[in-house]
Amino acid sequence: MELRIFTEPQQGASYDTLLSVARATEELGFDAFFRSDHYLKMGDTDGLPGPTDAWITLAGLARETRRIRLGTLMTAGTFRWPGVLAIQVAQVDAMSGGRVELGLGTGWFEAEHTAYGIPFPKEKFPRLREQLEIVTGLWATPEGETFSHDGRFYQLVDSPGLPKPAQRRVPVLVGGLGKVETPRLAARFADEFNVPFGSVEDNAAQFERVRRAAEEAGRKPDDLVYSSAQVTCVGRDEAEFARRAAAIGRAPDELRRNGLAGTPDEVVERIGQLAEAGASRCYLQILDLHDLDHLELIADRVKSRL
């Protein structure tokens, strides 16, 4: 089981804070640093000092880390034109020496669109399908040839499909709990499928839907990586766990029901259940980005036992 650190900077984090977490992620032996793509806080927090842009952040981290993978869960398709996104991701991939992964989703948080003047379309899945077609199509176009796309939402004519990423193929992540369209998109475009914040049973059921969709699309189901994103809160004992839960505004009992939470033994057991459900990778959603001791504990008492 691979463990990746997943952050939610819109809740309140500067670039310097994210850099500290990314460096700790690398030094402690975690596989990757991922972040959300949001411009507005959620819930009862001030969100200070304000939002950071996902791909600008990752560009900076690409130059200040050496080993860890870098990516998004998930880039909001509403925020960027797909042709421009293909350029951005390819450039950051080159800046990192080929360590970037692209999670791409529909975008869902209407309030942040309203707050920053971003159109919020009603028809999201058809747009996401075209976005995935365009981004992957641009990267796959051989040098010297051109890419065109005449879609319902986007039209590209004779694009050179440049620049190319450093990797032969940037891994593409698709995720969600939709029962029909989401598995089909994953089967067609994804290298990895992610279940966000679901129960063990939710993970198992959704992985099975994606596996069936992959077979129907003529792919081997095992060609995809299956992963789970889980809110994570760990304490050496009950008192430390309760303190960390309070710091992120969550109740201990609720966290135990809905995430990787409690003592290291409890978290190792839940990760084992996710592995039995089919996950080979977990994204640990860390909400208190100033508590680097939390990452050290997870590395020492959880990661070392997997």
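Phe-197 is placed in the loop between β9 and α7. Its phi is positive, about 60 degrees, although Phe-197 is not a glycine. The residue is partly exposed, with a relative accessible area of 38%; buried means under 20% relative accessible area, exposed over 50%, and partly exposed in between, with a 1.4 Å probe and protein chains only. Helices (H or I, at least four residues) and strands (E, at least two) are DSSP runs, numbered from the N terminus. The model is predicted: local features need pLDDT of at least 70, side-chain atom pairs count only at pLDDT 80 or more, and totals for chains, interfaces and linings use all residues. Residues are numbered from 1 along each chain as its sequence is written, and side-chain values use heavy atoms, with hydrogens and water left out.

A positive phi, of about 50 degrees, is also found at Asp-158, which is not a glycine. Asp-158 belongs to strand β7. Two cis peptide bonds can be described as well. One runs from Leu-48 to Pro-49, with omega near 10 degrees, and Pro-49 sits in the loop between β2 and α2. Another joins Leu-162 and Pro-163, with omega about 0 degrees; Pro-163 is in the loop between β7 (155–159) and β8.

The protein chain contains 11 helices and 12 strands. Its radius of gyration (taken over C-alpha atoms) is compared with a globule rule of 2.2 Å times the number of residues to the power 0.38. The value is 19 Å, close to the 19 Å that the rule gives for 306 residues, so the chain is as compact as a globular protein of that length. Along the principal axes, the C-alpha trace spans about 60 × 40 × 35 Å. Of the 306 residues, 53% count as buried. Contact means heavy atoms within 4.5 Å. Among contacts between residues at least 6 apart in sequence, 73% join residues at least 24 apart.

A nonpolar core is a set of buried Ala, Val, Leu, Ile, Met, Phe, Trp, Tyr and Cys residues joined through side-chain atoms within 4.5 Å. The largest such core has 70 residues, of which Phe-33, Trp-55, Leu-102, Trp-139 and Leu-284 touch the most other members. Apart from this core lies another, of 8 residues, among them Phe-6, Ala-32, Leu-73 and Leu-173.

Trp-55 is one of the buried residues of helix α2 (residues 54–64), which also include Leu-58 and Leu-61. The buried residues of α2 pack against α1 (15–27), β2 (32–35), β3 (69–72), β4 (75–76), α3 (82–96) and β5 (100–105). The N-terminal end of α2 is capped by Asp-53, with a side-chain oxygen 3.1 Å from the backbone nitrogen of Trp-55. In helix α6 (residues 181–189), the buried residues include Leu-185 and Phe-189. The buried residues of α6 pack against α5 (125–140), β8 (172–175), β9 (192–196) and α7.

Rings of Phe, Tyr and Trp (its six-membered ring) pair if their centres lie within 6.5 Å; planes under 30 degrees apart count as stacked, over 60 as edge-to-face and the rest as tilted. The structure holds 7 aromatic pairs. Phe-207 and Tyr-226 form an edge-to-face pair, 5.4 Å centre to centre with 70 degrees between the planes. Phe-207 lies in helix α7 (residues 200–216) and Tyr-226 in strand β10 (residues 225–234), so the pair ties together parts that are 19 residues apart in sequence. Both Phe-207 and Tyr-226 are buried. One aromatic cluster is formed by Tyr-39, Phe-79 and Tyr-116.

Definitions and conventions. A polar contact is a pair of N or O atoms within 3.5 Å; within protein, one must be able to donate a hydrogen and the other to accept it, and residues adjacent in sequence count only if both atoms are side-chain atoms.
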